[in-house]
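Hi,

Here is the structure I promised to send over. Have a look at it first, and then read on for what turned up.

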Amino acid sequence: MISGQIQPNQFSFSSVLKACGNLSDPYIGEQVYGYAVKLGLASVNCVGNSLISMYAKSGRMEDARKAFDILFEKNLVSYNAIVDGYAKNMKSEETFLLFNEITDTGIGINAFTFASLLSGAASIGAMGKGEQIHGRLLKEGFESNQCTCNALISTYSRYGNIEFAFQVFYQMEDRNVISWTSIITGFAKHGFAARALEMFHKMLETGTKPNEITFVAVLSACSHVGMISEGRKHFNSMYEVHGIVPRMEHYACMVDLLGQSGLLVEAMEFINSMPFMADALVWRTLLGACRVHGNTELGKHTAEMILEQEPDDPAAYILLSNLHASAGQWRDVAKIRKSMKEQNLITEAGCSWIEVENTVHRFHVGDTSHPQAWEIYRELDQLAAKIKEMGYIPDTDFVLHDVEEEQKEQFLFQHSEKIVVAYGINSTTPSKPIRIFKNLRVCGDCHTALKYISMATKREIVVRDSNRFHHMKNGVCSCNDYW
């Protein structure tokens, strides 16, 4: 078009910028925008809105905000683009500040705005804010809107309230594939595989065609409870029955299903039989299973395959380091940590959080920065004594440092999961579940300790980690110790 006789207009630039956003390629997008500036079209709303969306989809929220701020005339599309960007990039505080700004401008709010706000609340587990948004959308008359109902199903599921999510789904008059997939995903994440598969079969009975994401949810449901034959059946049916070609994430689900079940050799054979080269996601899934089952040799090979594709991936180094630490191979651990330091590789710090009275409280390992730190650790000491009397034995294999046994036990009780639960017991109503969130996988010792704490305090504890939900009540977890 540029080299021909037809000059691009604002809609041409808007479409190309959207395409750059979908490809997460802001560099070409910036060149395209530069040409729009040259033609005097940069200030047109649809061009500016597409620029915001492009930066947001590429994770460059500072640039997205600058693009938003310089817009001469902002409309609802502009606000929706930046709100959705903040929500998807886990910047919930900014999301809610902008919501207040939209309200003040009097522009109005649509279903997409509410869906983005709910996503932002769910990403940090801010249940109070989510309930406020739910109340507001009811007031605005969006209670039967398909888009907002789908968002509510996903939101309540991600809070840990799967029954309320199902209630929203059940009351919907008009369901689409997103509605069905959202509730199937919810049941899968909570470890309720039977209900997830039941919903999948009901979906098929209604004539709704599943998509690729639906099958990720179905295969994940099978993986979370070790339903190998069921998982294989659904994987094979994707193309044979539904005409859907399995993608990388479906193969990763199957590797997870086999790996978590301890069938590591079979998982490796499955990877070798794939019609395309396995990416880092698939290998990372297998490495996680090697860590769980203590297979150091296969773990080394798997880590090498990850680093061959993504040499700067700190997760592969950490998983391999943890694998060596579990086997007491401290020299190998030191070697890996030294290599990471030399390459300046930074890992995501583990943290847990809880929402109390509309405020999110975050805790890291050994955290003493909270104003109520003294009370929290006093409660933690009392809990430790109580659950030890009940039979809890600290599993020091989960301390990945070469220190004395006594110190290892101290380290275990400084894990963020235990700190946040102690705070939750002190700060929430006894009749309500303690809902905690963790950015990484919950450690095995914390999982055991929290089960004992649920029994000792007669409190239900709901944990959302990076992988799934754990509902702990009277010393029993919904995962049946399979995760």
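A quick definition before anything else: a nonpolar core here is a set of buried Ala, Val, Leu, Ile, Met, Phe, Trp, Tyr and Cys residues joined through side-chain atoms within 4.5 Å. Also keep in mind that this is a predicted model.

With that in hand, the largest nonpolar core comes to 105 residues, and Ile-183, Ile-184 and Leu-286 have the most contacts inside it. Helix α15 (residues 248-260) gives the largest share of this core, 8 residues. There is also a second, separate core of 28 residues, with Phe-363, Ile-434, Ala-449 and Ile-461 among them. Back to Leu-286: leaving aside neighbours within four places in sequence, Leu-286 touches Val-255, Leu-264, Ala-267, Met-268, Ile-271 and Thr-302.

Now the sheet. It is open, has 6 strands in the order β2-β1-β3-β4-β5-β6, and its pairing is mixed. β2 (359-364) and β6 (476-477) are the edge strands, each pairing on one side only. Strands β1 (residues 351-356) and β3 (residues 434-438) run antiparallel and are joined by 3 bridges; Ser-352 has Lys-438 in β3 as its bridge partner.

Then there's Arg-464, which sits in strand β4 (residues 461-464). Arg-464 is buried but has no salt bridge, and the nearest side chain of opposite charge, Asp-465, is 7.7 Å away. What the side chain of Arg-464 does reach is the backbone oxygen of Arg-158, at 2.8 Å. Beyond neighbours within four places in sequence, the contacts of Arg-464 include Trp-353, Phe-437, Lys-438 and Phe-469.

Cheers

Key
Residues are numbered from 1 along each chain as its sequence is written. This is a predicted model: local features need pLDDT of at least 70, side-chain atom pairs count only at pLDDT 80 or more; totals for chains, interfaces and linings use all residues. Side-chain values use heavy atoms; hydrogens and water are left out. Helices (H or I, at least four residues) and strands (E, at least two) are DSSP runs, numbered from the N terminus. Buried means under 20% relative accessible area, exposed over 50%, partly exposed in between (1.4 Å probe, protein chains only). Lys and Arg count as positive and Asp and Glu as negative; His and the chain ends are not counted. A salt bridge is a side-chain nitrogen of Lys or Arg within 4 Å of a carboxyl oxygen of Asp or Glu. A polar contact is a pair of N or O atoms within 3.5 Å; within protein, one must be able to donate a hydrogen and the other to accept it, and residues adjacent in sequence count only if both atoms are side-chain atoms. Contact means heavy atoms within 4.5 Å. Two strands pair if DSSP finds at least two bridges between them.
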